[in-house]
Amino acid sequence: MARAPDGTSARQFGTLIGLLCLGCVLWILTPHFLTVPNLLNVLEQSAINAIVAAGMTFAIISGGIDLSVGSVLAFSGVVLASALQAGAGVPLAVTLALASAAACGLLNGLVVTRGNLPPFIATLGMMSIARGLALIWAEGRPISGFDETFRLIATARPLGVPAPVLITLLVYGVAHVALAHSVFGRSIYAIGGNEEASRLSGVPVRLHKTGAYVVCSSTSGVAAVVLTARLNSAQPTAGIMYELDAIAATVIGGTSLFGGEGTLVGALIGALIMGVLRNGLNLLNVSSFVQQLVIGVVIIGAVLIDTSLKRRR
Amino acid sequence: MVWRRSARTIRKREASTRSRRFERRLTRRTFFLPVGTVLIAVALGGVHAACNRPATDAGTPGRGRIAFVMKTLNHPFFLDMKRGAEEAANRLGLDLVVQAAERELDVEKQTQIIENLIQTGVKALCVTPSGSKEVVSVLAKATRAGIPIVIADTRVDPDAAAAANVKLGTFVGSDNYEGGRLAGEFLLQSTDGRARVAILEGIPGHETGDSRLRGFRDAVARAPGVTIVASQPANWERDQGFTVFQNMLQAHPDIDALFAANDLMALGAVEAIAATNRTGKVRVIGFDALDDARAAIEAGRMAASVAQSPRDMGRLAVESADRLIRGETVPADQTVPIVLVTKTSTEGR
């Protein structure tokens, strides 16, 4: 497998240290940062990006990329909202949303593996298709107003922890088992490391690669459920640029865009770094323009480490 | 044999020191690069925040901090509103925090910003909602935290707000329906009630844009000679105004009037009209009376624009917030004046 265990853990440790340092700096700069309500707040705000980034990690490790996650999120959100408004129960509506997201992923995977299109192009197309479907379906308007049972997905606080945070942990738990302890997951590393070698050694490349895109889109579906419950509304314009946030989180967490290496823990820490940065800059009253600049600096910094490490390896 | 072995040992020793050195360098890099980057980034942000801190911060510590969360800060309308709000805050000795999401459409980011500002313990919250219904859940959090709320520019959906027990202090805004009606009246007057009209809509589902369009449609519905030949959203954007209107002109070359629900779309359309050499042949009516639009009216490229008073809106919002903090009662609905800017009205100044 292409993953170098010692290098990866050192890299993750570095990212974690980065997150902790960031926390310390904010703790010094503002008294509002290190409070339990604010930290729960940051976790809740990072949930959606973290969930999308979990799926993105699969696509990127397999040597691909998925630009359609934001649009798929909007589309499955619209499916969810219309199902709920048509009187479907929460379990059915959520299943439909996840299924529609997974279907987009399946299409992505098939176009990449059977149509031999570069993932960038295939998912760029899907980005537009899913957005178009969402806008057509919802007639351009947000679909809002759901009953309280559905909203519990975002508003419930079991043991004081916001439900979206627990959902994120659940997603990461399942994804971790799939990525690190299943044939599927190990094959994705192999394919990302060297596709031709994997094929020659009998790995069903097309199947697993398609699987990576299905997982990726499905997590967008989960994020759509959380977002829709949180805003009590599904907007066909939701999730614009979420693909870039997810890619950024994944990359900050040490996943290589060349494929074959990366971890879910890294993606989670990456999403937290972005969440903490945004939260901290808000608390410090830094304008969103400067926030963009800062996040850009962090992304480039993180990737610089990656490339400088790789040159030495 | 001996020589060989020693050579091998040397090589091994060399390799091991090299790898040890490499490891040391590796760990040093893995620790300090991200840490350094983050530190630099935060320092940048900190310096910026320090530079931007209003002077009132030090001067009047007791009056407290209020937050104004806007839809965006890259639109002249909201910059004017910000200016009005800052003037009022300075006068009242309030520490004002103005923030906005990166993109106007991003209700989730706006929600996050409001959540974060609630954490900083602001005394009052002014919001121009990015989504009339979506913003309700976070406003409920503010209500629970006991923070008075002032809504500016775009109304909150009243049913959703009631369902979530949101306590709205006041609404400050223009009567957008009235603005749309003014635009419609102007069209009827200046065309003697005969026109083939196109409409550029804002983002669908926005209360502001919908009211403007309703006002305009109601006004022109009285005249049988006015036909609305096309009506499409251009999402408040200048570039989309250009392309959508260009396409409309392709489909309906006989369009002789355009109502755009904001000036950015109107200005985009003006460029599309110029590109087909029809300047002056299409009467363009916009909304907001931005400086660019006023210049276009002066130059005869636009016919009129409905002027709102964003500066007054910002001022009134902050003043209302101040009164709510003091526990005074504020009217539930406050409108700022709306007027039509035309070439004759600009010549008058």
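I began with chain A, where helix H3 (residues 69-85) and helix H5 (residues 119-138) pack at an angle of about 25 degrees, with their axes 7 Å apart. Axes are lines fitted to C-alpha atoms, for helices over the stretch in contact, and angles run from 0 to 180 degrees between N-to-C directions. Helices (H or I, at least four residues) and strands (E, at least two) are DSSP runs, numbered from the N terminus. H3(A) and H5(A) are therefore roughly parallel to each other; angles under 35 degrees count as roughly parallel, over 145 as roughly antiparallel, 65 to 115 as roughly perpendicular and the rest as oblique. I noted their crossing as left-handed (left-handed if the near helix is turned anticlockwise from the far one by less than a right angle, right-handed if clockwise).

I then listed the contact, which includes Phe75(A) and Val78(A) of H3(A) and Leu133(A) and Trp137(A) of H5(A). Residues are in contact if their C-beta atoms, placed from the backbone, lie within 7 Å. The residues of this contact divide into ten nonpolar, two polar and one charged. Ala, Val, Leu, Ile, Met, Phe, Trp, Tyr, Cys and Pro count as nonpolar, Asp, Glu, Lys and Arg as charged, and the others, Gly among them, as polar.

**Basis and confidence**

The model is predicted; local features need pLDDT of at least 70, and side-chain atom pairs count only at pLDDT 80 or more, while totals for chains, interfaces and linings use all residues. Residues are numbered from 1 along each chain as its sequence is written, and chains are lettered from A and ligands numbered from 1 in the order in which they are written. The predictor gives the complex an ipTM of 0.83 and a pTM of 0.80. Chain B averages a pLDDT of 85, and 81% of its residues score at least 70; pLDDT is the predictor's confidence in each residue, from 0 to 100. I marked residues 53-61 of chain B, where pLDDT stays under 50. Where pLDDT is low, the predicted coordinates should not be read in detail.

**Chain B, parallel sheet**

I traced an open sheet of six strands in the order E2-E1-E3-E4-E5-E11, with parallel pairing. Strands pair if DSSP finds at least two bridges between them. Strands E2 (95-100) and E11 (333-335) of chain B are at the edges, and the twist averages 20 degrees from one strand to the next. E1 (residues 65-70) and E3 (residues 124-127) of chain B are joined by four bridges; Val69(B) has Val127(B) as its partner in E3(B). Helix H3 (residues 76-92) of chain B packs on this sheet, touching E1, E2 and E4 (149-152).

H3(B) also packs against helix H12 (residues 310-325) of chain B, at about 40 degrees and with axes 6 Å apart. The two are therefore oblique to each other, and the crossing is right-handed.

**Chain B, mixed sheet**

A further open sheet of six strands runs E7-E6-E8-E9-E10-E12 in chain B, with mixed pairing. I looked at its edges: E7 (226-233) and E12 (339-342) each have a single partner strand, so one side of each is left without a neighbour in the sheet. E6 (residues 195-201) of chain B and E7(B) pair in the parallel sense over seven bridges, and Glu201(B) stands opposite Pro233(B). Helix H9 (residues 238-251) of chain B packs on this sheet, its direction making about 150 degrees with that of E6(B).

Technical notes
Two residues are in contact if their C-beta atoms, placed from the backbone, lie within 7 Å.
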